[in-house]
Amino acid sequence: MIFAAFETTSGALTHIIHKLAENQDVQERLRKELIAARDGRDVIPYDELVALPYLEAICRETLRLYAPIATINRRYGNSP
C-alpha cells in the first residue's frame, strides 16, 4: 500500500513538472502566485498554500488529464 501511494504521488508530480516545463506562461503565473503568497517568508504556511487558486487549478487539471488510477470497465453476463 505504501509503494502504491508513493508511485501515484511521484507520477502526479512528474506530470505537473513536465506540463509546467512545456507551458512557460503557466509556470510564470504560478511562480508569481507563489512569490506573492510567500510574502518574504521562508516557508508558506500549509493553510495558505492549499488555498492558492491557480496552484489548485494546475493540480486538478493535471490529475484530470493523467489520472493516477486507470479505469477498468467490466461487463456482467453475456451482454455486449
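**Figure 1. Salt bridge between R31 and E28.** In this predicted model, a salt bridge joins the side chains of R31 and E28, with an N to O distance of 3.0 Å. Both residues belong to helix α2, which covers residues 24-38. They are three residues apart, about one turn of the helix. R31 is partly exposed, at 38% relative accessibility, and E28 is likewise classed as partly exposed, at 34%. Side chains of opposite charge can pair when their charged atoms come close.

**Figure 2. Salt bridge between E48 and R41.** The closest N and O atoms of this pair are 2.7 Å apart. E48 has a relative accessible area of 35% and is partly exposed. R41, with a relative accessible area of 29%, is also partly exposed.

**Figure 3. Salt bridge between R60 and E56 in helix α4.** The side chains of R60 and E56 meet at 2.5 Å, N to O. Four residues, about one turn of the helix, separate the two positions within helix α4. R60 is exposed, with a relative accessible area of 59%, whereas E56 counts as partly exposed at 31% relative accessibility. A search of the whole structure finds five salt bridges, among them the one between R60 and E56.

Figure 4. P53 is part of helix α4, which comprises residues 53-65. The relative accessible area of P53 is 58%; because exposed means over 50%, P53 is classed as exposed. The view also includes L30, which lies 23 residues from P53 in sequence. The C-alpha atoms of P53 and L30 are 9.7 Å apart in space.

Definitions and conventions: Residues are numbered from 1 along each chain as its sequence is written. This is a predicted model: local features need pLDDT of at least 70, side-chain atom pairs count only at pLDDT 80 or more; totals for chains, interfaces and linings use all residues. Side-chain values use heavy atoms; hydrogens and water are left out. Buried means under 20% relative accessible area, exposed over 50%, partly exposed in between (1.4 Å probe, protein chains only). A salt bridge is a side-chain nitrogen of Lys or Arg within 4 Å of a carboxyl oxygen of Asp or Glu.
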